[in-house]
Amino acid sequence: MTINVPSGVYILSIPPITPTDGITNGDLNLLPPPSGVPTIIINGAGVNNTIIDGHHTDRVFDVSAGRLVIINNLTIRNGSVPQYQNGGGLANEGGVVLNSVRVYANSAVGGLGGGGSYNGERIAYFQFSHLQQHRSKRRRWDRPKLLPWQ
């Protein structure tokens with residue numbers, strides 16, 4: 001499945017109902033399909049043109065186990081998670097490829113860390129992408145584990 005996101009600032013405006021999050025509110029949950037290809041490709045119009053903004057109410061993307069997401073040419077900003085959660089901009093339990101993506105000004109100050117990106121020992125590949133100006137309780141998680149794509 002391919003999703004083309006045109007130029008614009010897209011503010012996530014539905015806050016999470018509970019601190020544990022849910023699939024119908026808050027962040028963009030990328031769940032595995034019940035059948036078929038588990039890959040989603042999200043194309044923006046450029047890091048300065050397509051901006052997904054968490055509005056400091058929840059993280060921006062939550063990638064579940066069994067899902068592969070390829071994100072191209074956009075900015076992920078202003079994601080924030082409450083206590084006991086990780087990854088303000090992006091939480092990855094599946095597989096993530098970021099191509100020309102700016103992950104900017106996200107926070108995970110009450111959780112275990114990963115202001116910009118939390119990568120739960122999963123595959124992440126960042127190409128021509130930047131992680132900048134994040135806040136995290138435990139800085140060791142602010143740098144994603146980079147693995148060669150297999």
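Biologist: What makes the contact between the side chains of Arg-59 and Asp-27 a salt bridge?

Modeller: In this predicted model, a nitrogen of Arg-59 and an oxygen of Asp-27 are 3.3 Å apart. The cut-off is 4 Å between a side-chain nitrogen of Lys or Arg and a carboxyl oxygen of Asp or Glu, so the pair qualifies.

Biologist: Where in the chain do Arg-59 and Asp-27 lie?

Modeller: Arg-59 is in the loop between strand 5 and strand 6, and Asp-27 is in the loop between strand 2 (8-11) and strand 3 (28-30). The two are 32 residues apart, and the pair links distant parts of the chain.

Biologist: Why is Arg-59 called buried?

Modeller: Its relative accessible area is 5%. Buried means under 20%, so Arg-59 falls in that class. Asp-27 is buried as well.

Biologist: What makes Asp-27, Arg-59 and Asp-62 a network?

Modeller: Salt bridges link Asp-27, Arg-59 and Asp-62. Besides the bridge to Asp-27, Arg-59 has a salt bridge to Asp-62, at 3.4 Å from N to O. That value is within 4 Å, so this pair also meets the rule. Asp-62 has 17% relative accessibility and therefore counts as buried, the limit being 20%.

Biologist: How many salt bridges are counted by this rule?

Modeller: The count comes to three. One of them joins the side chains of Asp-53 and Arg-77 at 2.8 Å, N to O. Asp-53 lies in strand 5 and Arg-77 in strand 7, so the pair ties together parts that are 24 residues apart in sequence. Asp-53 and Arg-77 are also bridge partners in the pairing of strands.

Biologist: What makes strand 7 largely enclosed by the rest of the structure?

Modeller: Seven of its 10 residues are buried, so strand 7 is largely enclosed.

Biologist: Which strands pair with strand 7, and in which sense?

Modeller: Strand 4 pairs with strand 7 in the parallel sense over five bridges, with Asn-43 opposite Asn-72. Strand 5 (residues 50-53) pairs with strand 7 in the parallel sense over three bridges. Nine bridges join strand 7 to strand 9 (residues 95-104), again in parallel, and Ile-76 stands opposite Val-103 there.

Biologist: Which residues touch the most other members of the largest nonpolar core?

Modeller: Of its 18 residues, these are Ile-42, Phe-61, Ile-71 and Ile-76. Strand 4, strand 6 (61-63), strand 7 and strand 9 each supply at least two residues of this core. Beyond four places in sequence, the residues that Ile-71 touches include Ile-42, Phe-61 and Val-97.

Conventions:
Residues are numbered from 1 along each chain as its sequence is written. This is a predicted model: local features need pLDDT of at least 70, side-chain atom pairs count only at pLDDT 80 or more; totals for chains, interfaces and linings use all residues. Side-chain values use heavy atoms; hydrogens and water are left out. Buried means under 20% relative accessible area, exposed over 50%, partly exposed in between (1.4 Å probe, protein chains only). Helices (H or I, at least four residues) and strands (E, at least two) are DSSP runs, numbered from the N terminus. Two strands pair if DSSP finds at least two bridges between them. A nonpolar core is a set of buried Ala, Val, Leu, Ile, Met, Phe, Trp, Tyr and Cys residues joined through side-chain atoms within 4.5 Å. Contact means heavy atoms within 4.5 Å.
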